[in-house]
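I opened a notebook for this structure and wrote down each thing as I looked it up. The entries start with the whole chain and then turn to single residues.

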Amino acid sequence: MSTIDFEAIFEAKLANNEFIEPKDWMPENYRKHLIRQVSQHAHSEIVGMLPEGNWISRAPSLRAKLVLLAKVQDEGGHGLYLYTAAESLGVSRDEMLEALHTGKAKYSSIFNYPTLTWADIGAIGWLVDGAAIMNQVMLQRSSYGPYSRAMVRICKEESFHQRQGYEIMTRMAFGTPDQKEMAQDALNRWWYPSLMMFGPPDAESPNSENALKWRIKRESNDHLRQRFVDQTVVQAEYLNISIPDKNLKWNESKKGYDFSPPNWEEFKNVVKGNGICNKERLEARNKAHNEGAWVREAAAAYAKKQNQLSTAA
Ligand code: 3HC
């Protein structure tokens, strides 16, 4: 009797740029890697609602409020697509949320910094969503089908978010001297945390080798960080505000900018849970989850009733 070589089928799919789908055989480590990355990504989307949600009630105009409200709501939707993609790998939503709420799960370091002024909302859209898109465009071609398809829609919405942020920065940078100063201050505070979003340097990234081998990621942390810097410098020049890096310099031989790395000790500290806002973010998530218990119970009771009615019919 012939045996099926599942591993060879898996490898052939990767080699042919085909998707791996939930019912396909996959190596256990591939499944675990994806659960880790996709759930962390989902957590980042919903924790990312908090720093910006802080400004919905204080947006400077009705238009700005509507746009910000829509953006924050989009992030909640991104979290839902990604939790659903992770569930298709055999982990439950409850398990993932439990890990987030008890501080066991990671989420993006960037969301542990405070939003002090309206210019921060501009800087987040411009830099944070800009960095997210730089990273996520390649994830649209990730080897796991449900993750890749979720990323297609997420990327479309993230480009709108990036423009929303850049529009705010444009208004501030070309506004009054005080507004311009706020724009510069926001860039000063968000620049290095944005560079950290791409993860540790390649030489210190334990997951990159497998991620690239399995086509979960298509490009390395350092490569994406470099591309982000090269793209953003031109945008800062247009705004006539300065990137807070004395070593920033065009390097003709690599056709890109040389730049100072972020403080990796600060990064590790924030990821460990000791950033400025880690505690506040987890408290806010736990509070929202606990206060939403009655909604989950009502939804479950409704589904149960519908089920009983359809079985009885
Ligand atoms: N913040 C927190 N943790 C980070 C991190 C960051 N910025 N960068 C890396 N890490 C963690 C990793 O999760 C990993 O931890 P683990 O092994 O305990 O799970 C460890 O640091 C080592 O990093 P690696 O580079 O080896 O691991 P990864 O390749 O998994 O991490 C990554 C790099 C860029 C985060 C990559 O996983 C990735 O592309 N993830 C998907 C995209 C994502 O999660 N983006 C979140 C951005 S926020 C967002 O999208 C919301 C939007 O609205 C702005």
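**Entry 1, the whole chain.** I counted 13 helices and two strands in the chain. Along the principal axes, the C-alpha atoms fill a box of roughly 75 × 50 × 30 Å.

I noted the basis of these values: this is a predicted model, in which local features need pLDDT of at least 70 and side-chain atom pairs count only at pLDDT 80 or more, while totals for chains, interfaces and linings use all residues. Residues are numbered from 1 along each chain as its sequence is written, and side-chain values use heavy atoms, with hydrogens and water left out.

Of the 313 residues in the chain, 47% are buried. I used these cut-offs: buried is under 20% relative accessible area, exposed is over 50%, and partly exposed is in between (1.4 Å probe, protein chains only). For contacts (heavy atoms within 4.5 Å), I looked at residues at least 6 apart in sequence, and 76% of those contacts join residues at least 24 apart.

I paired rings of Phe, Tyr and Trp (its six-membered ring) if their centres lie within 6.5 Å, calling planes under 30 degrees apart stacked, over 60 edge-to-face and the rest tilted. I got 12 aromatic pairs by this rule. Phe 6 and Trp 25 are stacked, because their ring centres are 6.3 Å apart and their planes are at 25 degrees. Phe 6 is in helix 1 (residues 6–15) and Trp 25 in the loop between helix 1 and helix 2 (28–47), so I logged a link between distant parts of the chain, 19 residues apart. Phe 6 is partly exposed at 43% relative accessible area, and Trp 25 is partly exposed at 36%.

Next I took Phe 10 and Tyr 30, an edge-to-face pair with 5.0 Å from centre to centre and 75 degrees between the planes. Phe 10 lies in helix 1 and Tyr 30 in helix 2, so this pair ties together parts 20 residues apart in sequence. I found both Phe 10 and Tyr 30 buried. Ring pairs join Phe 6, Phe 10, Trp 25, Tyr 30 and Trp 214 into a cluster.

I required NZ of Lys or CZ of Arg within 6 Å of the ring centre and within 35 degrees of the ring normal. Arg 58 lies over the face of Trp 55, 4.2 Å from the ring centre. The charged end of Arg 149 sits over the ring of Phe 19, at 5.8 Å from its centre.

Where is Asp 24 placed? I found Asp 24 in the loop between helix 1 and helix 2, partly exposed at 22% relative accessible area. Leaving out residues up to four places away in sequence, Asp 24 touches Lys 13 and Phe 19.

His 41 is in helix 2 and counts as buried at 11% relative accessibility. With residues up to four places away in sequence not counted, I listed Leu 82, Gln 136, Leu 139, Tyr 147 and Met 151 as touching His 41.

Technical notes
Helix = DSSP H or I, 4+ residues; strand = E, 2+ residues; numbered from the N terminus.
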